[in-house]
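Here are my notes on the model you sent. Please read them with the structure open.

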Amino acid sequence: MDPKTRNVVALVTIIALVAVSWWLFWPLDTKITQGLDIKGGVQVILTAKPIGNIPLTEDAMSRTEAILTERVNGLGVSEASVQRQGSDSLLVQLPGIKNSAEALKALGSTGRLDFVDLRSIDTSENLTYGVKVPAGSYDASSVVVAGSNVKSAGVTVDTQTNQPAVSLEFDKAGASKWGAYTTANVRQYIVILLDNVVQSVAQIREPITDGSTQISGSFTAEEAKRLAAVLQAGALPVELTPSSTQIVGPTLGGESLRQGLLAGLIGLGLVALFMLAYYRGFGILSWLSLGMYVSLLFGVVALLSRLGAYALTLPGIAGLVLTVGLAADSSILIFERFKEEVRMGKTYRTAAKSGTRHAIGTSVDADLVTFVSALALFVFAIGPVKGFALTLMLGIVCDLTVAILFTRTVVVLLAENVIPKAPQLFGLKGGDGDA
Amino acid sequence: MRRPTIDFMGRRNWFFAVSGIIIAIGLVSLFTRGLVFGIEFQGGTVMTFEAQSGTTAEDIRVSLQKAGVADARNATIQTTQDGAFLVRTSEADPTKAAEAFRAVVSDLKLPEQDVTVTTIGPGWGRSVTNAALLALAVSIIAILIYISLRFEYKMSATAVLALLHDTLIVLGVYSLFGREVTPNTMAALLTILGYSLYDTIVVFHRIRENSRNLQKQSFMQMANESINQVFMRWINTGLTSIIPVLCLLLLGGQTLKDFAFALTVGMLSGAYSSVGIASTVYALWKEREPKFQALKKKFEKETAKAS
């Protein structure tokens, strides 16, 4: 690609990226997911301890995560989430919830999975998936088998209908109870409840004496998987204790957000003023670079928000503000190197070409070193700092994109067309000038 | 106009002395006063009450006592600058803490939505610290590998030396000022380690470039010239980095201030150590190589004669 085409391609690409970014992030308040510490709610970090001498395996943790997700969804909170943190912790976020006590109780309990005859449940409600029966609507004696009797459960295919189904295996005690019950109650309905929430209602087709049961019906594959997970892991395989519980009121979070953004904007303004005062014409260019940088960063953040992979937290705001300085640094390296090469007697044109190349080389190395430590933080650290590390990494990527596609190209174009006519606008004297 | 040439290398002993003194003071403070750890490291609860005019800290203490908070007498109650009350107790049960908070709010009829409660169980701090130390170890190894591959191992070793210098200084400052160490502080500290290398890399880049055809001066002289060549870059990138962070320190809320304080101290130390420690130690080390020994003999004598 000849240099002219390359410049055009670079500028068109960056402008397109900025346009896409604006489309992605505007309006900001709806397009960027706000973290719990900003929009308010309850945030709990639960740390798992093994029960008895069962070791804390990866499998146990992912089962725990699945069960917690199920329970969190059962709380009826929109945008609630459960995430793994480190090897033994889970971060549960419940936006908008004010009463952490109730939420904690529902989350941390080990969970009770009961198989109950439909007739023994005293309720007027139509029992379907997700319905919560009031406590005491059936008594312990009417529980046919319990979650502790379930040996394994999995997804299978009903050979007759070719539909997804759930296979279920009871342990010895469970199989004998289940055999006696199913023999006596063919055509009756059994209700499977997890902590009083109906998971499934199934009809007994025939006596099942070997403990090996299949629940079929009009399941989608997803539904079958969910039920199998609940059956398999009705009881939590680990003991959970809350390590960190945070309740944030929405007003206070919003106030922190405003303070953070104000600080960021003032910081950006002061940096912009400094750049203008010191670098004159190049200062204006750095404004554009900074503007593009902020656009790209917000664009990426909005995109990740849309994919559910990002939420702006207070530490994240600190990361955003920190990267404003980082973005200005790249511009400074380019301008300084260019001016230096001009001082060494190179023509503007040559100085721009070799200067920007060298400066970007330095930027890449310096940025990547920062990136490496942010990555280590993101992968290994636990707690709210992950948001900080992620924001910083995104900032570095956006910074390099703007420096390479935009700042470099514009310096080269200016050196060819504008700087020779008015070097003093850029803090350069004519010829062998100096700053 | 020629730029002023500053003899950084000649003042290296001053740099070492200044760093040594600051680190020594910090270490003495670390060993005698220690660090103030936030509740994240001990377990306990922090509640923020957005108070109405007329509410006093004593009202809150009495109300906490009524609500059954065991150590209400010893709880620290601070007033924040926007008129809220920051209460710290050793209550480590989140359910009880939340109930107590609710009781105080209804007892004193405070606006409910303006409140935060954070409860940390014991042991959480240790998990956070362990994870942070792991992250630190991994990032130091990664930085060592990266700089060794892109530059050379002597640069990576001196860069990491400067980084440890910055860590000690930040920890010392935290101890001296009695600032509370929170998991956020540790995060900021870890990041600043990467960020403080920014300046070091800029200087090293120039030293590497200038050392390619080194014949007419000693390594030390060349390193000094390299620093002078990137001096304005060093000052300006430092300024533009610290301006936004200072804004955060002055204008941000409590969480953001915590971050900004660690970032500010780390940035100042990082900018200084890239020249004062990383570059000087590196140049001293390089000059011991036989190739540069010869150059040193040749040119340092000449300058001695000339002066």
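1. In chain A, 49% of the 435 residues count as buried. Buried takes 20 or more other C-beta atoms within 10 Å of a residue's own, exposed 12 or fewer, and partly exposed falls in between, with C-beta atoms placed from the backbone.

2. Basis. This is a predicted model, where local features need pLDDT of at least 70, side-chain atom pairs count only at pLDDT 80 or more, and totals for chains, interfaces and linings use all residues. Residues are numbered from 1 along each chain as its sequence is written, while chains are lettered from A and ligands numbered from 1 in the order in which they are written.

3. Overall form. The C-alpha atoms of chain A fill a box of roughly 105 × 45 × 40 Å along the principal axes. Chain A holds twelve helices and eleven strands; these are DSSP runs numbered from the N terminus (helices H or I, at least four residues; strands E, at least two).

4. Main core. The largest nonpolar core has 186 residues. Such a core is a set of buried Ala, Val, Leu, Ile, Met, Phe, Trp, Tyr and Cys residues joined through C-beta atoms within 7 Å. Ala318(A), Leu377(A), Ala381(A) and Val402(A) touch the most other members. Helix H12 (residues 385-417) of chain A gives the most to this core, with 18 residues.

5. Chain B. Asp59(B) lies in helix H3 (residues 57-66) of chain B. Asp59(B) is partly exposed, because 18 other C-beta atoms lie within 10 Å.
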